[in-house]
Structures are given as structure tokens and as C-alpha cells.
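Here are my notes on this one, as numbered points. Have the coordinates open while you read.

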Amino acid sequence: MVLYKLEDFEPSYQESFDGHDIKGLGVYTQGTDEKVGTVSDVLVDEEGHFRYLVVDLGFWIFGKKVLLPIGRARIDYNVDRVYTIGLTREQAEDLPEFNERQTLDYDYEERVRGVYRQPTDYNLPVEAATPLDPLVGLDPLGSPVTPLGTTPTYARDSYTYENEPALYGLNEQDHQTLRLYEERLIASKQRRKTGEVTIGKHVETDTARVAVPIERERVVIERVTPADAGTAVSGREADFREGEVARIEIHEETADVRKEAFLREEVRVRKVVDQDTVETQETVRREELDVNSGNLPIEER
């Protein structure tokens, strides 16, 4: 039987108590109205049922915290008090101290239950699943009791809190508030990753063409007949020489192409947030009051 702190089990537990916080309420003895201490926490089972109040016995025993079964408590929200049923100072001294770092196993709870099963001014109620001793009579709260001087025996593997309603039951005499609950849709947002955009760069190759005008020199030999062809010339003008050569240098241009890098463009990356409204629906439940009064007149306020 695993127990949880109320706030760990249900962080918004105050909504179930109309905004009231049971933690911090003063604890008083029923009848004598003597203050015992304060409620420091609440322990619930796996289904959320109240099982224990953690009571700081600062007014009785300084620095000691003990467990008070919910069946031995009466919560009065009108005066913000918790009244203990049948708890004596002697029992408080005998109760094992509650330590948050200690494991709450069956043996520890049996030590707690054993103290509350001890008779005080009357034999405390005990209702077992497989008691070895017969149950006889009723206590002042209307629950079955064991004969004086006997101790019920329980099976570790089969024990449930329902075995002892006097310790864990919310009897009608002390808890007459009927709470009506309704479910509401609580909208919240969760931020989740939907994808990832990776932006990088790579190199692509292409063939670029450029036209470069070039010049090439060539020799053109023209043979022409002069206008005075056939005219006799003197011997001095007719200078016949062998080996005379005319030299002309021939040039041409070649294309000289080189590559040079230039800035082409800038890419700027940023995120923008688009606003949208998502509607969802769910079936919610609400408790309504059914009153069966027969022919008796009633008044609802």
C-alpha cells in the first residue's frame, strides 16, 4: 500500500476544497477542546483516498510528528479546525514518530494502528478481515469492538484500509458535508519541437564563357607593276645584290583568363511567430443533487 503526499498526488488539490487548505489547520481534542498541534501534511493512497493526517504535536510534544488516521479526525471548515476522536496524550507519546525520509511500510503502519487500537475510556473500534478474536458489542461511535484485553490479528498480504473503518472510514456523524464536483477543461500549452531547418551552403560548378577579341598579325606580299615599268635605269640604280633579306616581326594576341571571387548576395536567417487559435472539445461531468424527501417539505438555500 503506497502512500503519497497530497500535494504530490494532486498539485491543485485546493480546488477540491473550495480553496481551503487543510494543511496548517489546528488540531484539537474533541470534547476538551485542547489544542494538540497542527496539520503539516496529508497522506493519500493510490486512488486519492485520505488515509492519514500528519500532525505536528508542537503543543503536546515539541518537535514530534505523528500520523492520525482520517477516521479518527473530524474536519470543521467553518472554524478551520480538525478534531481528534479518542486521541489521548498517552497515545501520542506512544505513537512512532513520522519521518519523511522513512519508508511507510506495513510494519510501520501496524505500529501506528496498534496504538490507536489500544483502549482508552472505552474499547476502541476494530473491524478486521480475519480476526482471531470474535467481535462483540458496539463502541460509542457505533462500530464493532473487540473484547477487552484481546488483540485482533490481520494478514499482511490481505489487509486493506477497509478492514478498519473506525480508523480510515469517514463516518456520517463526523462528516456530513456532501460535496458536488464538476469537471472543467483546463487549457494549457506545451511547447514541442516540430522540426528543424538546417541552412548551409555548398559549391556548385558551372561552365562560364567569355568572348575576348584578339589580334593576329600576318604578312601580305603583293606584287604590282609600277607605272614606270619598262623604263631604262642607270647602272647605279640597278644595284644587283644577292642575299638581301627583309625581316618583318609577326605578333598575335592570346586570351589570358583568370578567376576572381566577388560577393554575390547575403542570406539572413530569422524566426517569426505565427499566432493561431486551436479549439478542442471534451466531455465533462457535473454532479447534481438528487433530493428524495417524500412528502416532507424542504428548503434549499
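**Notes on the model**

1. Arg-286 and Glu-288 make a salt bridge, with the closest N and O atoms 2.7 Å apart; the term covers a side-chain nitrogen of Lys or Arg within 4 Å of a carboxyl oxygen of Asp or Glu. Arg-286 is exposed at a relative accessible area of 57%, and Glu-288 counts as exposed too, at 52%. For these labels, buried is under 20% relative accessible area, exposed is over 50%, and partly exposed is in between (1.4 Å probe, protein chains only).

2. Some ground rules before going further. This is a predicted model, where local features need pLDDT of at least 70 and side-chain atom pairs count only at pLDDT 80 or more, while totals for chains, interfaces and linings use all residues. Residues are numbered from 1 along each chain as its sequence is written, and side-chain values use heavy atoms, with hydrogens and water left out.

3. On confidence (pLDDT, the predictor's own score for each residue, from 0 to 100): the chain mean is 79, and 82% of the residues reach 70 or more. Strand E8 (residues 136–138) has the lowest confidence, at a mean of 43, and E5 the highest, at 94. Residues 121–150 have pLDDT below 50, though the model gives that stretch 66 contacts beyond near neighbours in sequence; a contact is heavy atoms within 4.5 Å. Residues 174–178 are also below 50, with 9 such contacts. Where pLDDT is low, the predicted coordinates should not be read in detail.

4. The chain has 4 helices and 9 strands, in the order β-α-β-β-β-β-β-β-α-α-β-β-α along the sequence. These are DSSP runs numbered from the N terminus: helices are H or I with at least four residues, strands are E with at least two. Of the 301 residues, 27% count as buried. The accessible surface is about 24600 Å², 47% of it from carbon and sulfur atoms (Shrake-Rupley method, 1.4 Å probe; for residues, only the protein chains shown count as cover).

5. How enclosed is helix H3? Since 9 of its 12 residues are buried, H3 is largely enclosed by the rest of the structure. What covers those buried residues includes strands E4 (50–56) and E5 (65–69), plus helices H2 (89–94) and H4 (165–168).

6. Look at the charges in H3. Arg-113 and Glu-110 meet in a salt bridge (2.9 Å, N to O); because they are 3 residues apart in the helix, about one helical turn separates them. Arg-113 counts as buried at 0% relative accessibility, and Glu-110 is among the buried residues of H3. The whole structure has 18 salt bridges.

7. Thr-84, in strand E7 (residues 81–84), counts as buried at 1% relative accessibility. Leaving aside neighbours within four places in sequence, Thr-84 is in contact with Val-27, Tyr-28, Thr-29, Gln-30, Leu-68 and Arg-72.

8. Arg-264 is exposed at 73% relative accessibility, and Glu-265 is exposed at 53%.
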